[in-house]
Amino acid sequence: MDYKVTSNSVEYTHEIGKQLGRCLQGGDVIALIGDLGAGKTAFAQGVGEGLGVASPMASPTFTLIHEYKGQRDGTEIRLIHMDLYRLRHPEEAEVIGIADTFTEDAVCIIEWPEIAEDYLPDDRLTVGILGSGEMTREIVFQSKDSGWEKRLDFLSGEAE
Ligand SMILES: Nc1ncnc2c1ncn2[C@@H]1O[C@H](COP(=O)(O)OP(=O)(O)O)[C@@H](O)[C@H]1O
Ligand SMILES: [Mg+2]
C-alpha cells in the first residue's frame with residue numbers, strides 16, 4: 001500500500017491530517033516521518049482536530065509526550081502525541097514508557113519515530129512528509145498492514 005498526496009500549504013497538510021483523524025480508532029499507531037519543518041506537527045494537529053481534540057496542541061519537542069482527550073463515536077479516546085527528536089538511544093524510548101502508550105483506548109502519533117523503531121507495532125501506519133521550507137510537500141502513506149488500504153479510501157479522491 002502506498003498513497004501519495006501533494007500539499008501546497010500548511011492548511012492543506014492540516015486538512016489531510018484531519019481527514020485521517022476522522023477514521024482513526026483506539027490502538028492505532030501513526031509514525032510521522034520528515035525533516036525539521038516538514039509539517040509533522042501541523043499534520044498531527046489536524047489529526048487531533050479530526051479526533052475531536054478541543055484543547056490546543058503544541059509541539060512536544062521538549063516534553064516528549066503530550067496527551068489529549070478526543071472523541072470517537074461519542075466515546076472518549078486518548079490522543080498521545082510524541083516527539084522523539086531529543087532521544088539519542090533506543091533504550092531511552094523504553095525508559096519513557098513508549099510501549100505502554102500502545103493501548104486499545106488510545107491513538108498514538110509519533111514524530112521522529114526512527115529511534116524507537118524496534119518498539120513500534122508492525123501494523124502501524126507510516127506517514128512521510130517530504131519537503132520543507134517553501135517547497136511543496138509530498139505526503140506518503142505506507143503500512144505493512146493491508147487493513148489500512150481500505151481505511152485510507154478517503155485519500156483516493158485526494159491523490160493524483
Ligand atoms: N505544504 C505545507 N505543509 C506543511 N507545512 C508547511 C507547508 N508549507 C509551508 N509549511 C510551513 O512549514 C512549517 C512546518 O512546521 P511544523 O509542523 O512544526 O514541522 P515539523 O513538526 O515537521 O518540524 C510551518 O511553519 C508551516 O507553515
Ligand atoms: Mg514537530
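Figure 1. Leucine 125 touches Met1, Leu20, Val29, Ile30, Ala31, Phe141, Gln142, Ser143, Trp148 and Leu152, leaving out residues up to four places away in sequence. The model shown here, as in every view below, is a predicted one. You will find leucine 125 in strand E6. Is this residue buried or exposed? Leucine 125 is buried, and its relative accessible area is 0%. For a sense of scale, look for alanine 93 as well: leucine 125 and alanine 93 are 32 residues apart in sequence, and their C-alpha atoms are 19 Å apart in space.

**Figure 2. Serine 143 and its polar contacts.** One of the neighbours of leucine 125 is Ser143, and this view turns to that residue. Serine 143 belongs to strand E7. With a relative accessible area of 15%, serine 143 counts as buried, because the limit for that word is under 20%. Which backbone atom does the side chain of serine 143 reach at 3.0 Å? That atom is the backbone nitrogen of aspartate 145. A polar atom of the serine 143 side chain also lies 2.9 Å from the backbone oxygen of arginine 124. Apart from neighbours within four places in sequence, serine 143 is in contact with Met1, Asp123, Arg124, Leu125 and Trp148.

**Figure 3. Aromatic rings in pairs.** A pair of aromatic rings is described by the distance of the centres and the angle of the planes. How many aromatic pairs are there? The count comes to 2 aromatic pairs. One of them joins phenylalanine 43 and phenylalanine 141, with 6.3 Å from centre to centre and 55° between the planes, which makes it a tilted pair. Phenylalanine 43 lies in helix H2 (residues 40-50) and phenylalanine 141 in strand E7 (residues 137-143), so this pair ties together parts that are 98 residues apart in sequence. Phenylalanine 43 is buried, with a relative accessible area of 0%, and phenylalanine 141 is buried, with a relative accessible area of 0%. Now find tyrosine 85 and tryptophan 112: their ring centres are 4.9 Å apart and their planes meet at 50°, so this pair is tilted. The tyrosine 85 and tryptophan 112 pair links distant parts of the chain, 27 residues apart. Tyrosine 85 sits in the loop between strand E4 (75-83) and helix H3 (90-95), while tryptophan 112 sits in the loop between strand E5 (106-111) and strand E6 (125-130). Tyrosine 85 is partly exposed, at a relative accessible area of 34%.

**Figure 4. A charge over a ring.** Here you can see arginine 151 with its charged end over the ring of tryptophan 148, 4.1 Å from the ring centre.

**Figure 5. The hairpin of strands E3 and E4.** Strands E3 and E4 run antiparallel and are joined by 8 bridges. The hairpin has 2 residues between its strands, and aspartate 73 takes a positive phi near 50°. Strand E3 (residues 65-72) has a covered face with His66, Tyr68, Gly70 and Arg72, and an uncovered face with Ile65, Glu67, Lys69 and Gln71.

**Figure 6. The surroundings of ligand 1.** Ligand 1 is surrounded by 16 residues, and the closest are Thr13, Gly37, Lys40, Thr41 and Ala42. A backbone N or O atom of glycine 37 is 2.8 Å from an oxygen atom of ligand 1. For threonine 41, a backbone N or O atom lies 2.9 Å from an oxygen atom of the ligand. Arginine 137 takes part through its side chain, with a polar atom 3.2 Å from an oxygen atom of ligand 1.

Definitions and conventions
Residues numbered from 1 in each chain as written. Chains lettered and ligands numbered in written order. Predicted model: local features only at pLDDT ≥ 70, side-chain atom pairs only at ≥ 80, totals over all residues. Heavy atoms only, no water. Phe/Tyr/Trp six-rings, centres within 6.5 Å; stacked < 30°, edge-to-face > 60°. Helix = DSSP H or I, 4+ residues; strand = E, 2+ residues; numbered from the N terminus. Buried < 20%, exposed > 50% of the residue type's maximum accessible area, 1.4 Å probe, protein only. Lys NZ or Arg CZ within 6 Å of the ring centre and 35° of its normal. Polar contact = N/O pair within 3.5 Å; in protein donor to acceptor, adjacent residues only side chain to side chain. Contact = heavy atoms within 4.5 Å. Pairing = 2+ DSSP bridges. Near = heavy atom within 4 Å.
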